Amino acid sequence: MMSPPEIPRVITRVDNRGVFICALNAAAQKAGVHGGMRLSDARSILPDLDNIPEQPDLYDSHLARMIRVMDRYSPWVARDRDLHNTTLNGDAGLWLEITGGSHLFGGEGPFITQILQDMKRRGYAARVAIADTAGAAWGGARCHPGKEADRILSLPTDHAIAAEFPVSSLRLSGDIIALLSRLGLKQLGDITPLPRANITTRLGPDVLLRLDQFYGRLPEHLNFELPDHPWLIKQGFGEPLGDAANLAHAIETLIARLCSDLRNESLGLRRLIVRCTQVDGHTHTITTTTGTPCQSETHILRLLAEKMPGVDTGFGIEQIIVYAPWVEHVAFRQVRLDRQQDDTSDALALAQLIDRINHHLGPNDILYHSAHHASHLPERAVIRQPPTGSIKPERLQDVPLPKRPVRLLEPPEPVDVVEYNSTGSPTRIRWRKMLIDVLWADGPERICPEWWEYLDRDNYAISQMTRDYFRICDQKGRVLWLFRSGHAGQDIWSVHGLFAG
Amino acid sequence: MPAQRLNDARAALAQAEKQWKGSVACSVDTESRVIAHVFGDIPLSRNISIGGFAPIGLHEVICGHDMGAASVLAWQLAQIGSGKPDGKPVHRSVFWIRQRRAIDQGGFYHLALPETPVTRPRPLMLTVDHQVTALWAGEEIAKSGQIASVILETTDYDLTAARRMQLACEAGGTRMIVLRRALPHAGRLMPSSALTRWKIEPALGTQQNMTGNIHYLSLIGGRGVRPGSWKVKADATTLSLSVVDPLEDRLSQNQSIYT
């Protein structure tokens, strides 16, 4: 915790051995005081040392508040319980599982920067690292030599960096670290080449366990702090669920319960997280999102069914958490006398259909409404709008449009103009390796660049030039939309669309 | 002989009843207006049997080297089933599924569409990479019953896929129009279970006979369909068709020519 640096200040803990320092500020540290020191020894160094007795409840409340803050970055936050119990430096640690979430903050580097800024604003000093395993992240936060925003440890790639971490980054007890130090094993790179059997024999099982957890060879079960949330259902199983059918049945029951609770409050979920924890600590998380607030368990289960085959029950599932982090109020809907959801409503059923399609699509597949945007450039005059929610009109009333092609080539395809006539329009072109004789041409229609727009697109080079559009008809009867751009004497011709006639 | 005629009539009636059974997807008034708008004076009743344009089921539009006219025809056919079963003026959506690089002639540009006399639904565009995804989406949408029409633009697909689409359309009361290239299969078109199969190609032009809006529209097959072919002219403003006989010059008085 940060405090005014000019006053040396410590927090002390009382146990059967006496009064020990369990946290201290930078000024005290600078004067030579360290965690675990007796208060009487510290007073001999700094007679006017400010001493505050430890208040575990206050510490817990601060940490709980910090976990709620971290919920902004990830819903899965676990506190480092061992750290508080074993070290006496006043450190606290949090693990955030951010798998698939860092892109929302602009990538992993900006993600770290944002967390650090957030912590600093709240008056805390922090070190942050991102890694593939919890152990590597713990070590990276403390020992990574890079700058604050570059503390990202990707283990197969950054093996050399990890090898230089001190052995203290393995979260071992002080006795084992001292023993390792006496043996000359000071870095991870000194331990990893040693025979595994010898490590266990000489140093005990903890070193190998932590080493394997560091490199991801063994799982590490983190106790994530579950938010105090009404739309979270946690179910543990005395007998682990061993097959997919039992797992599906359990999830079905929990979802039905959640939907029933939501219906009673006239709420619908927009995002659902289902987390299955295996007995060996492995977890599998399924996240699903709906386009509109949803109360129908049938619909949600159908969405989950797409992802359920990916869940490995392993040695058995011992815990399932069903959590709806995003819920919205549902407009009044007429319910049937048997309390079942009335799915015949067109808008609701259409939204559910869109959800099903969206969940099935690949990363490059897109579902959208086309809308009209006030732009002269044909490729910018149509914009994509989300399939649900409020959208812009299909055609702007006050923006007249000249004749436009039925098919638009995006991006425009280059053509070679072989012959021109006296007016500058093409009479013979080569497109897609075929010679095309132009029977007639209609134009030009001049479209000037939109200099007032910030041009930052792939077709920037084309967009910034004036275009002269021609409608041409070839000998096959096709009507193509051709345009000329480029500087004087260096015309670039492209096909941009096809007309229906 | 009269018994034979009676049997034929009964069979035709049964066929019509099967196609229309319990799921009329739009009001007859709306449908007839759209058909009149799209096909104008083309005498379709001579070629399409009882039941006319079945609003439910699979239809195919086959294009040659020009996708523009085929896209418009598919869009206009999709309008026929866009009303509500009870005839209310609310219009259901039209899905346009496009597989990238399937036909390689760009994407549908909705700003080219003219305002039609019938209020048209707003299209939902779905662009996918793979044919499997396109077929899955088409089947899912067709059998959902929440969409009036689906336009599926994909690479050539087989009879099994066509049959599945047809069954999905019957299950959901949906009209599906498949846009496909005219790829010959052993000298013939790939077999299909479509109710109607259309082909539209632009008429070839010469220096003496400059076309551009003249097309050959063919009804090349389907269930209970007598094949027919028409030389039609596309109206540049309304994108509707009319029979050309004799062939008219495409150029209006106020158009300039550069050749």
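Tutor: Let's begin with a definition: a polar contact is a pair of N or O atoms within 3.5 Å; within protein, one must be able to donate a hydrogen and the other to accept it, and residues adjacent in sequence count only if both atoms are side-chain atoms. Between chain A and chain B, 17 residue pairs are in polar contact, with both residues at pLDDT 80 or more.

Student: Where does that pLDDT condition come from?

Tutor: This is a predicted model, where local features need pLDDT of at least 70, side-chain atom pairs count only at pLDDT 80 or more, and totals for chains, interfaces and linings use all residues. Residues are numbered from 1 along each chain as its sequence is written, chains are lettered from A and ligands numbered from 1 in the order in which they are written, and side-chain values use heavy atoms, with hydrogens and water left out.

Student: How do you know how many residues of chain A and chain B are in contact?

Tutor: Contact means heavy atoms within 4.5 Å. On that test, 59 residues of chain A are in contact with 60 residues of chain B.

Student: What makes up the area buried between chain A and chain B?

Tutor: Buried area is the accessible area (1.4 Å probe) that two parts lose on being put together, summed over both. Here that comes to about 5200 Å², with carbon and sulfur atoms giving 55%. E394(A), R407(A) and L439(A) supply 15% of the area that chain A buries against chain B, more than any other three residues.

Student: Why is the pair of E153(B) and R407(A) called a salt bridge?

Tutor: A salt bridge needs a side-chain nitrogen of Lys or Arg within 4 Å of a carboxyl oxygen of Asp or Glu. The closest N and O atoms of E153(B) and R407(A) are 2.6 Å apart, so the pair passes the 4 Å limit.

Student: What about R275(A) and E97(A)?

Tutor: Their side chains meet in a salt bridge at 3.0 Å, N to O. R275(A) and E97(A) are 178 residues apart, and the pair links distant parts of the chain.

Student: What makes Y73(A) and F111(A) an aromatic pair, and of which kind?

Tutor: Rings of Phe, Tyr and Trp (its six-membered ring) pair if their centres lie within 6.5 Å; planes under 30 degrees apart count as stacked, over 60 as edge-to-face and the rest as tilted. Y73(A) and F111(A) are 5.6 Å centre to centre with 80 degrees between the planes, so the pair counts as edge-to-face. The search finds 14 aromatic pairs over all chains.

Student: Which peptide bond is cis?

Tutor: The one joining E410(A) and P411(A), with omega about 0 degrees.

Key. Helix = DSSP H or I, 4+ residues; strand = E, 2+ residues; numbered from the N terminus.
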